[in-house]
Amino acid sequence: MQAELAEMLRRRGFLWPSFEIYGGVGGFYDLGPMGSLLRDNLITKWKKWYIQQEGYLQLETPTILPFELLRASGHVEHFTDLMGECRSCGGAFKMSELMKERGVEIEGLPLEEARKLVSEKGVRCPDCGGELNLSDFNIMFSTSIGPGSSKRAGFLRPETAQQIFIAFRRLFRHARGKLPFGVVTVGKGYRNEISPRQGVIRLREFTMAEAEVFFDPQSPRPPDFQKIEGERLRLFRANGETVELTAGEAAGRGLVCNEMMAYQLSLAKRFLLSLGTKEECMRFREQKPAERAHYSSETWDLEILTQQFGWVEVAGIAYRTDYDLSRHSLFSGVDLSVTVNGRRFFPHVLEPSFGIDRILYCVIEQAYTCEGKRRFLKLRADLAPFQLGVFPLMPKEELSQKAHQIYQTLKRHFSVIYDESGSIGRRYLRADEIGVPYCVTIDYQTLQDGSVTVRDRDTTRQVRVKRELVPVLSGLLSGELKFEEAGSPFSSKEEEEEGEKSEHEDS
Ligand SMILES: [Zn+2]
């Protein structure tokens, strides 16, 4: 099924390998015409969640960062993976992966300790059996800013968080000097992965959506905590224990560091549910101390169960404490502490960080539905690349003209795709594969009384709609109107059969 899905995603313009005609480069992917629309809808939804509903501020910043900033943040020193380079063939490998295959966890261990474990296991080059040279490889992409001898060293950003920290004074003022408040950035991040082998799951350039939530460590309870208090969380703790309890209980019993963490976990879970993720395919896994990034004192990974890759981390919620603000104060010489109620302190930070590309993949995989010979993407209406399709039953002049007229009207309210090439069955099939929830078809009856047929993607059922179309379609898309109530039942068996027949000719 996975090969079939991958093929469909290429054919329908969701995911394409980057630099294809030059042989491709691992760790990069193009989002085609449909994939990029789906990604945009996903981001819009995320922003609605965190900016509109939570009231977080948005910051947009450069993706190239000067050396000094990343030295202060600890990334120059710590943002490394242990690499094994083959002395014979020159191949490079991420050692934590090679060791994981042998059941040994070395992530986060100091170089000397890891070296010892690797030699104990007798790990050699998986390609040629050669000896491996071990070193710490910094996975940031380095570049330079400006020309000649005055140029400065820089890096492509490994995360979007840093500029939020260094703009903290302005942001705090903008937030009226009150805690807690949150700031989000959505954009590209870069990591020069040693050997990315997991398709869209491990990318060298990726889209991330991060929020930094600043709060007073003496009062970590968000003002609207009761909103999520009862949310059930499935926690896989670092000590191996699994518990399921409410967010309020998790904070109360100290299983998560504070109420702000419980709040952010619940929020992240609800966001994933709103994308159509099933609750049973979701869990929070606590990172072991050695796994955690250098800035974090507690991290929970939100993982989704996928068919192809097993459990995939799609978001990480990290307690960054005052690490970043205090480090930037120290290195820049600018004091980033605040005074609230006569008390001077560095605000603490909780960071929910979402990997948009991974979520995109999970959303597609979960939406992919096989029913008999039918293949379709059961995407939520607010994520689908197009909300509606408009088709003339046949490419006849009078039908096309009327269909175009309806298309022009609907375009003002919805995202609509117009298609008149091929049989109607074949067009339904194409629309199903890109996840269009409803298709509007114009036939000879339309020319007489203005009515159209509307087809439901998930059931392939059709109704003939005589009422004004825009409110009916709005109701269907929002879920406020039941499909059966949109019009009178309409059957067109031959169209569906035609679709099945032409399935294999279509490309
Ligand atoms: Zn080798």
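## A parallel pair: β22 and β23

Strand β22 (residues 388–392) and strand β23 (residues 416–418) run in the parallel sense, joined over three bridges. Within this pairing, Leu388 sits opposite Val416 of β23. Please keep in mind as you read on that this is a predicted model.

How well covered is β22? Mostly covered: five of its five residues are buried. The cover extends to both faces of the strand, with Leu388, Val390 and Pro392 buried on one side and Gly389 and Phe391 buried on the other.

## A three-stranded open sheet

Let us turn to a sheet with another pairing. Here three strands form an open sheet, ordered β4-β9-β8, and the pairing is antiparallel. The edge positions belong to β4 (64–66) and β8 (142–145); each has a single partner strand, so one side of each is left without a neighbour in the sheet. On average, and ignoring direction, neighbouring strands of this sheet are turned by 45° against each other.

What connects β8 to strand β9 (residues 152–156)? The two strands pair in the antiparallel sense over four bridges.

## Aromatic rings

The structure holds 19 aromatic pairs. One of them brings together Phe181 and Phe214, with ring centres 5.2 Å apart and planes at 25°; planes under 30 degrees apart count as stacked, so this pair is stacked. Phe181 lies in strand β10 (residues 181–190) and Phe214 in strand β11 (residues 205–215), so the pair, 33 residues apart, links distant parts of the chain. Are these two residues buried or exposed? Both Phe181 and Phe214 are buried.

Elsewhere, aromatic residues gather into a group. Trp46, Trp49, Tyr50, Tyr56, Phe271 and Phe354 make up one aromatic cluster.

## A nonpolar patch on the surface

Which residues form a nonpolar patch on the surface? They are Phe19, Ile21, Tyr22 and Val25, and together they have about 530 Å² of accessible area.

Val25 has 40% relative accessibility; exposed means over 50% and buried under 20%, so Val25 counts as partly exposed.

Key:
Residues numbered from 1 in each chain as written. Predicted model: local features only at pLDDT ≥ 70, side-chain atom pairs only at ≥ 80, totals over all residues. Heavy atoms only, no water. Pairing = 2+ DSSP bridges. Axes fitted to C-alpha atoms, helices over the stretch in contact; angles between N-to-C directions. Patch = residues over 30% accessible without salt bridge, like charges linked within 9 Å, V, L, I, M, F, W, Y side chains within 5 Å. Areas by Shrake-Rupley, 256 points an atom, 1.4 Å probe, with all protein chains shown as cover. Salt bridge = Lys/Arg side-chain N within 4 Å of Asp/Glu carboxyl O. Buried < 20%, exposed > 50% of the residue type's maximum accessible area, 1.4 Å probe, protein only. Phe/Tyr/Trp six-rings, centres within 6.5 Å; stacked < 30°, edge-to-face > 60°.
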